[in-house]
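Hello,

Here is the structure I said I would pass on. Please look through it first, then read the notes below it.

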Amino acid sequence: MVQTPQVRVQLWAHAPKGVIAGQTFWLGLELAHQPHWHTYWRNPGDSGLPTQLSWTLPAGLSAQELLWPVPKKIAIGSLTNYGYENKALLVVPIRVAADFKATTPLHIQLKAQWLVCRQECIPQEGLFDLTLPAQGGTAPQSAAFEAALKAQPAILPADPRKLATATLTEKGTSLSVQVTGLPNAWRGRKLQLFPITAEIVVNTLTAEQSAAPQWKGGVWSAQLTVSADRMDSPAQLQWLLTMDEAAGPGSSFEITTPVSGTWPAVQTAPVPAALTQALKANAAANATTNAQAGAQLPMAAAPLSRMTSTLWLGAMLGAFLGGLLLNLMPCVFPVLAIKVLGFAKPGHSRAEHHWAGWSYTAGVVLSFVLLGALMLALRAGGSQLGWGFQLQSPGVVAGLALLFTLLGLNLSGWFEFGQFVPSRLAALQHRHPAVDAWWSGVLAVVIASPCTAPFMGASLGLAIGLPAWQALPIFAAMGLGLALPYLAASLWPAVARALPKPGAWMEVMRRLLAFPMFATVIWLLWVLGQQTGIDGAMGLLSLLLAVSFLVWAWSLPGRARWVLVALGAALMLWLGNWVIHNLRLPAPQAASASMVSSDATTTATTSGTWQAWSPTALQTQLDAGRTVFVDFTAAWCVTCQYNKKTTLADAGLLQTIQSRNVALLRADWTRQDPAITQALNALGRSGVPVYAVYAPGRAPVVLSELPSVAEIEEALRQ
């Protein structure tokens, strides 16, 4: 059995007489949905994906076609989907070969994949094992199987009796379906028509209301709108016709209708609109993994592997542009400036500059690919991670603060790295600046990766749902965008010529660039304070002071240096132990809630006041009929903090939010939170910032990473 917060899934067998040669028994996958959640029929309708079953059976057993239960129509806004709520049993007949002989228990394995949706959609999958005895019957769910088999639709005969027809209008924009020969008990009853042949007719609620189904004598008819996104012109169509609010034997028929008339020319759209929507909704294939059964593993790779090259190339372009914009991040820009400043240093030829540029690029691209591969591997193993996951760890934040402190001290002239490394290594760095450029590229990726720049969000959301061979080039494109400015500068001689000649200004500029490094340390201390509380931040600050003292002591001449170095080392070890202890502690409630208002624990929310996000809080506001604006943020995301102090603090926007009674929820992803990761995945994103507008009965609207006031107000008006 697989249990997730949305659905419980279990595999059953129905072989009351046992597994007998030449006979048939049945296997069934039972899906028990939580309230308001649903999975999909063979034709999911306007969006969604049907449940997929992949069997591993002993030799001599063969799985037949899945017997789909009669679905229900599920309205989501103006869309109409076909699927199942509450309980559904998907039954598959298993045919036993005539020469089959079983001497040992039969081991059956099933890999099932399903998409479970409410307003958001979560791809899930599970592995199921079942053992049947070689002799004797098995029927633990006899009543459920018998009811499911009896409720299977009957087959209404097709040609030559002409009991059902489908006729196209002259322009081919609508289809008239007529059915005769239905049982007398059906006459005058309200019927529902489900298209088994997908993506031919429009399924929306508006189209259903305009179908005008009616009885005329013994003939039932309906006028259906042909989809403008139709990609096929079939000679016959399959339908499921059911009596409304009826169940059980004789309440549904499968119908095959020959199509008369001429289909209009197929439009050349690359991807049907409904399929495009489904692909975007399922880009977050790696949704929450269930701790008990590992139920939610990547599923979107299958549909996304069929995506057009245009969509994939678009993701590559978005990743490249996003990487290019990352160079404007406050942390990355000083690193880039230091590298460009190196062009003014004497003693390096143009060829050496070229090598440094290519080495920096290789370090950046490879680091992005390795970071992306690590994230994909951890997600495949069940970890709920997204882009920037490394800064969700207080230990990584503390380590980066230490690194930037040392960089700042080095740029300030307190010490040279050659004093602390073997002479051979220092000489290697001097003789081969490409090595230094390589590590600068790695450093740039480490400090740039936590945030998503414009264009990156959708590309990253798509990448995490793709197979590795499709996803990793997207990460590489992002790295190439980040590396491009320095690479171009290294290959373009005009850049070096534009810089002043070597002189005292270089030393001034070097010391000036130390201040952005120290500013980064301040930011990282603030991030750590959000994660661990004031004690954690204070402990790290004390440790950085001890490290600075140790570096200063090491630079002193004479014997006094060793006394002070020993004192500094002892102090550093003592404070380091204290810091490690604090990093392991969970964040205090006050710290974890610091990004929302002080009354965030209340159930109701006042318009214009930020409250803490949770799935329950979101659903409570939607159930109350309110529009909800959600800010997915993190303390370590510079773009998030910029947006929070500018656009989201705009007085006019806050007035609009209050006048429209919009609820404000803030999802703080500073530390790892599986629920927030799941919500981001459902939106097709894997990093922050993300801004989304939720409204009752409508799919959420995802805004850009740098939204304007006008963009947010427009989304709230929809």
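**Aromatic pairs and salt bridges**

Phe629 and Tyr691 are both buried. Please keep in mind that this is a predicted model. The ring centres of Phe629 and Tyr691 are 6.3 Å apart and the planes are at 10°, so this pair counts as stacked. Phe629 belongs to strand β21 and Tyr691 to strand β23 (residues 690-694), so the pair ties together parts of the chain that are 62 residues apart in sequence.

Over the whole structure, the search finds eight aromatic pairs. One of them is formed by Trp41 and Phe194, with 5.9 Å from centre to centre and 70° between the planes, which makes the pair edge-to-face. This pair also links distant parts of the chain: Trp41 is in strand β4 (residues 39-45) and Phe194 is in strand β15 (residues 191-195), 153 residues apart.

Are Trp41 and Phe194 buried or exposed? Trp41 has a relative accessibility of 2%, so Trp41 counts as buried. Phe194 has a relative accessibility of 1%, so Phe194 counts as buried too. The cut-off for buried is under 20% relative accessible area.

Trp41 and Phe194 also belong to an aromatic cluster, together with Tyr82.

**Charged pairs**

Side chains of opposite charge can pair when their charged atoms come close. How many salt bridges does the structure hold? The number is six.

One of them joins the side chains of Glu30 and Lys87, at 3.9 Å from N to O. Glu30 is in strand β3 (residues 24-33) and Lys87 is in strand β9 (residues 87-96), so this pair ties together parts that are 57 residues apart in sequence. The two partners can be read against the accessibility values. Glu30 has a relative accessible area of 10% and is therefore buried, whereas Lys87, with a relative accessible area of 55%, is exposed.

Another salt bridge is formed by the side chains of Lys72 and Glu85, at 2.9 Å from N to O. Lys72 lies in strand β7 (residues 72-76), while Glu85 lies in the loop between β8 (79-84) and β9, so here the pair ties together parts that are 13 residues apart in sequence. Lys72 is partly exposed, with a relative accessible area of 39%. Glu85 is partly exposed as well, with a relative accessible area of 26%.

Asp631 and Arg666 form a further salt bridge, and their closest N and O atoms are 2.8 Å apart. Asp631 is in strand β21 (residues 628-633) and Arg666 is in strand β22 (residues 663-668), so that distant parts of the chain, 35 residues apart, are linked. Both of these residues, Asp631 and Arg666, are buried. There is also a network: Arg42, Glu65 and Glu254 are joined by salt bridges that share partners.

Arg666 has a second contact to look at. Arg666 lies over the face of Trp610, at 3.9 Å from the ring centre.

**Where to start**

When you open the model, strand β21 is a reasonable place to begin, with Phe629 and Asp631 both in it.

Regards

Note on methods:
Residues are numbered from 1 along each chain as its sequence is written. This is a predicted model: local features need pLDDT of at least 70, side-chain atom pairs count only at pLDDT 80 or more; totals for chains, interfaces and linings use all residues. Side-chain values use heavy atoms; hydrogens and water are left out. A salt bridge is a side-chain nitrogen of Lys or Arg within 4 Å of a carboxyl oxygen of Asp or Glu. Helices (H or I, at least four residues) and strands (E, at least two) are DSSP runs, numbered from the N terminus. Buried means under 20% relative accessible area, exposed over 50%, partly exposed in between (1.4 Å probe, protein chains only). Rings of Phe, Tyr and Trp (its six-membered ring) pair if their centres lie within 6.5 Å; planes under 30 degrees apart count as stacked, over 60 as edge-to-face and the rest as tilted. A charge sits over a ring if NZ of Lys or CZ of Arg is within 6 Å of the ring centre and within 35 degrees of the ring normal.
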